[in-house]
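Subject: Structure for you to look at

Dear colleague,

Here is the structure I promised to pass on to you. Please have it open while you read the notes that follow.

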Amino acid sequence: MSDRHVYEYAVLRVVPRVERGECVNAGVLVYCRPLGFVAARTHLDEARLLALDPEVDLEGVRAALRAVEGVCAGGDGAGQAGQDDAGRRFRWLIAPRSTIVQPGPVHTGLTADPAAETERLLDVLVR
């Protein structure tokens, strides 16, 4: 029997000017249903983002990314969504939206350690 579990992930993109469609990868969302795991890790390359839009609201982007991490963590600090189970929080966060921070398409994989996989994906896809 394998100790690996199916997980889903999506890249968080910062789209400073929605009408232009340009983006910078700024984080990953990871959900592993069998383990009840959901997490977000972010890393904002401010220089790359400012190259796309010198007038972008960096503090607003940072706040939006922190909010995603907070919803994944759950609890009272995450508002109403923080009371939902891991799967509902992940589905809410990957829902399409036309805001400055947007989720990309959902992909799947296998992992024995979803927390380590979250870090690996952040390194490969964002940093």
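The largest pocket is lined by Leu12, Leu29, Ala64, Ala67, Val68, Val71, Trp92, Leu93, Arg97, Thr99, Val101 and Pro103; a pocket here is an open set of points on a 1 Å grid over the protein atoms alone, where a 1.4 Å probe fits, with protein on both sides within 12 Å along at least five of seven lines, and lining residues have an atom within 4 Å of a point. Two or more of these residues come from each of helix 2 (58-73), helix 3 (86-94) and strand 4 (101-103), where helices (H or I, at least four residues) and strands (E, at least two) are DSSP runs numbered from the N terminus. Please keep in mind that this is a predicted model, in which local features need pLDDT of at least 70 and side-chain atom pairs count only at pLDDT 80 or more, while totals for chains, interfaces and linings use all residues. Residues are numbered from 1 along each chain as its sequence is written, and side-chain values use heavy atoms, with hydrogens and water left out.

Helix 2 contributes the most to this lining, with four residues. Arg97, one of the lining residues, lies over the face of Trp92, at 5.4 Å from the ring centre (CZ of Arg or NZ of Lys must be within 6 Å of the ring centre and within 35 degrees of the ring normal).

Tyr31 and Phe90 form a stacked aromatic pair, 5.3 Å centre to centre with 20° between the planes (ring centres within 6.5 Å, taking the six-membered ring of Trp, and planes under 30 degrees apart for stacked). Because Tyr31 lies in strand 2 (residues 24-32) and Phe90 in helix 3, the pair ties together parts that are 59 residues apart in sequence.

With best wishes

Notes
Phe/Tyr/Trp six-rings, centres within 6.5 Å; stacked < 30°, edge-to-face > 60°.
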